Amino acid sequence: MRIRKELFADERRDDFREVGVGRQRADALGHVTARSQYYDDRRIAGMLHMKLVRSPHHHARIRAIDMSAAERLPGVKRIITAKDVPNNLYTVLALINVGIPDEPALAFDKVRYKGEPIVAVVADSERAACEAVARVRVDYDPLAAVFDVEDALKSGAPLVNEYHGRNTFNYEGRDHQRVRFGDVERAFAQADHVIEERYQMSPIEHAPTEPQGCIAVPADDHRITCYTNTQALFFSLDVTAMILKVSPDKLHFIGGTVGGGFGGKVDTLVEPLCILGAMLTNRPVRLAFSREEEMQAGPPRGAERIFIKDGVMKDGRIVARYMRIYEDSGAYSRLSPYGAVKAAAHCPGPYSIPNVFCDAYCVYTNRTPSTAMRGFGVTASDFAIEVQMDKLARLVGMNPFEFRILNAYRDGDTKAHRKKTEGAALIECVLAAADLANVPIADSYRTMSSRQGGGAAPGAMPATPPARPQPGVQRPAAGDRLASIFGERRR
Amino acid sequence: MQTPVQFRLNDEERAEFVDSGARLLGLLRDKVGVTSPKSGCQQGTCGCCTVLIDGAPYLSCLVLAETCAGKSIETVEGLAKGTAYHPLQLAFMEHFAAQCGYCTSGMLMAAKALLDRNANPTRADVIDAICGNVCRCTGYQPIIEAILAAAKRGVARTA
Amino acid sequence: MPLAVKTFDKLRDVASALGADAGARYLGGGTLLVRAVNEGDVGVTTLVRATDRGLREIRPSGLRTSLGAAVTMAEVAAHPDLRFLASVARSIGGPAIRNMATVGGNLFAPYPFGDFSVALIALGATVAVHSGASARDVPVEDFLGSTDRHNRTLVSGVAFRRPDAEKNFRFLKVSRTRPKGPSVLSIAAHLTMSGTRVSSARIAYGAMAPTAMRAKAVEAALTGKTLDEAGIAAALAVALNGCAPQTDAYASEWYRREVLPVHLRRLLLG
């Protein structure tokens with residue numbers, strides 16, 4: 001690894017002792033001797049096992065739940081349903097006063113995704129718990145389901161989540177998060193070229209080698225100790241306290257090494273039910289996802305569908321970027337409203353574009369609720385933006401590296417969400433990458449830099465047309481005009 | 001019903017009473033207290049539970065414990081002799097072959113099975129040896145390098 | 001109820017135990033059955049094992065080779081007289097799976113597994129099926145679609161004629177993860193040559209139908225032809241006859257249909 005100390009030399013100290021030196025991981029010895037402790041590397045006397053009854057339907061009403069056969073099974077200690085959960089309806093973002101309770105810890109009237117948990121069984125062996133799960137009878141009325149973000153927004157689409165009343169998250173009265181900067185419509189009219197593309201990303205399963213799980217143990221001081229592989233120890237503790245309506249100081253969460261998280265172990269899906277099981281039985285309880293549960297019910301990276309329309313001049317300057325982003329939240333919000341905000345904030349990418357318009361929707365579908373993964377909300381956006389940049393470069397006949405250098409933001413440029421650019425280094429990265437890939441770069445681009453005024457005059461902050469409020473309709477005029485450009489009817 | 005099973009574990013004689021139908025993975029982790037083999041899938045597809053039985057790799061999540069009578073079982077706990085670590089352990093540390101570490105036990109035993117019978121494996125041999133072990137963190141390259149490096153170092157122990 | 005395990009020496013005692021208990025299943029290598037138990041299939045209540053050493057025998061006597069049902073993929077791959085089957089055995093799982101997966105078990109493996117059966121069909125193999133005290137030999141391609149297989153009737157081994165020349169037996173397996181993984185598809189071909197022309201052919205596909213299948217149209221179209229582009233053209237034209245591939249997590253039906261002729265061409269041209 002080479003550190004390019006000559007770049008931004010006046011901004012850095014040259015006294016690295018650890019950076020650039022290969023050091024063994026602090027846990028390397030533990031990993032190769034199997035001394036690294038994962039939550040499950042302990043057995044506690046009297047431990048019981050929890051298994052969950054899960055919906056086989058994508059969308060259905062629950063008519064009845066019959067647990068009588070399961071309750072009679074030898075080895076079954078307790079069967080838990082929604083009425084046993086002190087605060088069954090919740091949303092994780094309530095911890096920061098965002099959103100409304102929209103998800104049950106255990107379903108009671110409806111299931112909204114395949115794999116949604118309905119009943120929790122606690123038994124003295126895993127096999128007994130599995131046998132009990134097989135004997136729980138749930139009567140369903142299947143409902144029409146919707147799996148596509150745009151289908152979910154059409155009139156007549158099945159309503160996924162009644163708590164929201166529509167299939168989008170409510171951002172302060174609007175069904176989308178927005179960025180408005182300049183006047184894209186006017187810029188499109190003046191651009192030499194306008195291109196429009198659609199990008200689609202699938203939900204991605206993290207598939208950690210270690211499935212989610214935890215062991216809850218009644219402790220000696222009326223507290224519960226929970227050994228868990230959550231990536232978000234304090235967050236999960238607070239979510240659990242909220243669902244179980246206990247003071248957070250009643251819970252003692254102990255993490256360990258996480259056997260792969262990648263963002264998929266933040267949704268706190270095992271601790272609340274497992275700890276409730278320990279509270280109700282006064283015994284240690286273990287709840288571990290099977291691999292099938294991890295794949296089906298464990299949250300994937302939220303898929304995004306992204307439309308990008310760009311106006312570009314013959315000389316390569318992008319003058320307008322319109323992005324419409326649909327984030328597939330699945331059946332419940334969890335962290336996805338935040339992911340959509342990040343996607344919008346990221347727009348239009350690390351480039352200074354004088355006119356930017358972004359609408360980002362957090363959409364509910366009957367899919368497994370989605371979550372973060374390595375660049376929450378932003379990775380998909382970057383994929384779309386960078387593929388688009390290559391297409392634009394080809395369109396105007398420019399080297400894609402030089403095209404990016406031309407449009408890159410510099411320090412002092414105002415970003416689309418009106419923050420000033422600071423500490424930019426894109427141009428230097430692009431030049432270094434070009435050198436490594438033996439891509440020739442013209443001298444005029446080699447002399448550009450990310451510093452203020454580094455090779456391009458910063459654009460004057462453009463005027464943004466004011467939104468004209470319309471009675472009874474939460475949609476600004478600009479949105480309507482763009483809707484007609486795309487030739488679609490919107491709700 | 002419980003069955004008495006006698007076997008060798010990392011060169012020590014053991015005798016355990018085994019529940020009918022119990023798998024070797026559960027016996028090792030829950031009864032014996034050897035937690036190096038991990039439960040990753042319970043399907044035989046991830047390799048995290050790999051142990052050696054009479055020198056050959058097996059998926060302990062699929063092996064019935066009672067079929068191990070008279071067998072010699074090796075796990076990670078038996079690799080080091082005191083602080084004399086096995087060349088594979090040293091190589092994994094030096095080559096960043098473990099990140100979250102969950103696949104590491106299975107990888108080490110699969111690699112040991114290879115090096116015990118083939119002291120000079122090719123890269124293709126190494127890939128075949130670990131093709132039943134899933135890693136979600138490293139991208140496999142550091143693991144392959146570590147195994148090849150350990151082979152070069154030889155299976156003689158460092159003092 | 002805890003899982004019960006019963007061990008017998010002889011298959012006929014195993015058959016009695018299975019017949020007496022609806023929740024009993026025969027345990028071969030465990031790669032499918034123990035997996036199902038682990039995943040919560042509580043319909044399996046008893047595992048029945050046989051220790052008869054005859055089930056582990058490999059008998060390459062003369063032209064007709066027999067493999068006991070409990071012979072593992074690793075044992076096939078390592079046997080000096082079964083080199084033509086080594087690539088097949090090595091394609092089935094990683095090293096640990098190969099130490100456990102059996103010839104007999106592979107006959108019962110669900111779609112898209114069962115690549116060893118594909119090779120067996122190409123070799124014209126028969127399987128020894130147990131009914132009562134006797135066993136009868138059934139061609140593998142007939143066994144796979146039979147009620148015997150559906151009812152999980154016990155099998156004790158397979159037998160086949162060895163190919164005259166190792167190079168006359170070809171096998172390829174396409175999977176998304178390499179070097180092993182569940183099949184997108186597999187193809188086995190046993191070609192008997194007369195000079196440069198194919199005098200007879202047995203071709204089998206895996207994952208191109210609910211069970212491994214014979215590609216009879218391809219066999220007919222290859223007979224009498226040379227193994228070059230012109231000679232195999234007629235065979236490629238009927239490559240998909242009789243195929244009914246499924247869509248699963250590994251590949252779509254469409255993809256399997258698209259690439260089968262490509263891989264068949266590569267296999268035939270060598």
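This is a predicted model: local features need pLDDT of at least 70, side-chain atom pairs count only at pLDDT 80 or more; totals for chains, interfaces and linings use all residues.

User: Okay, how many helices and strands does chain A have?

Analyst: Chain A has 14 helices and 17 strands. Its C-alpha atoms fill a box of roughly 80 × 60 × 35 Å along the principal axes.

User: And what share of its residues count as buried?

Analyst: 55% of the 491 residues in chain A. As for contacts in chain A between residues at least 6 apart in sequence, 78% of them join residues at least 24 apart.

User: Let's pick a helix. What's the span of α6 in chain A?

Analyst: Helix α6 of chain A covers residues 233-244, so to speak 12 residues, and reaches 16 Å from first C-alpha to last, close to the 16 Å expected at 1.5 Å a residue.

User: Which of its residues are buried?

Analyst: In α6(A), the buried ones are Ser236(A), Leu237(A), Val239(A), Thr240(A), Ala241(A), Met242(A), Ile243(A) and Leu244(A).

User: What do they pack against?

Analyst: The buried residues of α6(A) pack against β4 (89-90), β13 (251-254) and α7 (271-281), which belong to chain A. After the helix comes Lys245(A), with a positive phi near 50°.

User: How about α3 of chain A, which residues are buried there?

Analyst: In helix α3 (residues 126-135) of chain A, they are Arg127(A), Ala128(A), Ala129(A), Cys130(A), Glu131(A) and Ala132(A). Those residues pack against β1 (48-54), α2 (68-71), β3 (76-80) and β7 (117-123) of chain A, together with α2 (33-38) of chain C.

User: Switching to the contact between A and B. How many residues does each chain put in?

Analyst: Chain A gives 28 residues and chain B gives 30 residues. The two chains bury about 2300 Å² between them, with 58% of that on carbon and sulfur atoms.

User: Which three residues of chain A supply more of its buried area than any other three?

Analyst: His31(A), Val32(A) and Thr209(A), which supply 27% of the area that chain A buries against chain B.

User: What about polar contacts and salt bridges across that interface, how many?

Analyst: There are 14 residue pairs in polar contact between chain A and chain B, both residues being at pLDDT 80 or more. The salt bridge count between the two chains is four. Lys38(B) makes a salt bridge with Asp41(A), where the closest N and O atoms are 2.9 Å apart.

User: Which element gives the largest share of chain A's side?

Analyst: Helix α1 (residues 28-33) of chain A, with five residues on the side that touches chain B. Sorted by class, that side of chain A has 10 nonpolar, nine polar and nine charged residues.

User: Which network are they linked in?

Analyst: A network of salt bridges linking Asp40(A), Asp41(A), Arg43(A), Lys51(A), Glu126(A), Arg286(A), Arg29(B), Asp30(B) and Lys38(B).

User: Which residue does Arg98(C) bridge to?

Analyst: Asp128(B), at 2.8 Å from N to O. Arg98(C) sits in helix α5 (residues 95-100) of chain C and Asp128(B) in helix α4 (residues 123-129) of chain B, so this pair joins two chains. Arg98(C) is buried, with a relative accessible area of 7%, whereas Asp128(B) is partly exposed at 21%.

User: Last one: which residue pairs with Arg153(B)?

Analyst: Glu94(B), in a salt bridge with its closest N and O atoms 3.5 Å apart. Arg153(B) lies in helix α5 (residues 141-153) of chain B and Glu94(B) in helix α2 (residues 87-94) of chain B, so the bridge ties together parts 59 residues apart in sequence. Arg153(B) is partly exposed, with a relative accessible area of 39%, and Glu94(B) is partly exposed at 40%.

Definitions and conventions: Residues are numbered from 1 along each chain as its sequence is written. Chains are lettered from A and ligands numbered from 1 in the order in which they are written. Side-chain values use heavy atoms; hydrogens and water are left out. Helices (H or I, at least four residues) and strands (E, at least two) are DSSP runs, numbered from the N terminus. The expected span of a helix is 1.5 Å times one less than its number of residues. Buried means under 20% relative accessible area, exposed over 50%, partly exposed in between (1.4 Å probe, protein chains only). Contact means heavy atoms within 4.5 Å. Buried area is the accessible area (1.4 Å probe) that two parts lose on being put together, summed over both. A salt bridge is a side-chain nitrogen of Lys or Arg within 4 Å of a carboxyl oxygen of Asp or Glu. A polar contact is a pair of N or O atoms within 3.5 Å; within protein, one must be able to donate a hydrogen and the other to accept it, and residues adjacent in sequence count only if both atoms are side-chain atoms. Ala, Val, Leu, Ile, Met, Phe, Trp, Tyr, Cys and Pro count as nonpolar, Asp, Glu, Lys and Arg as charged, and the others, Gly among them, as polar.
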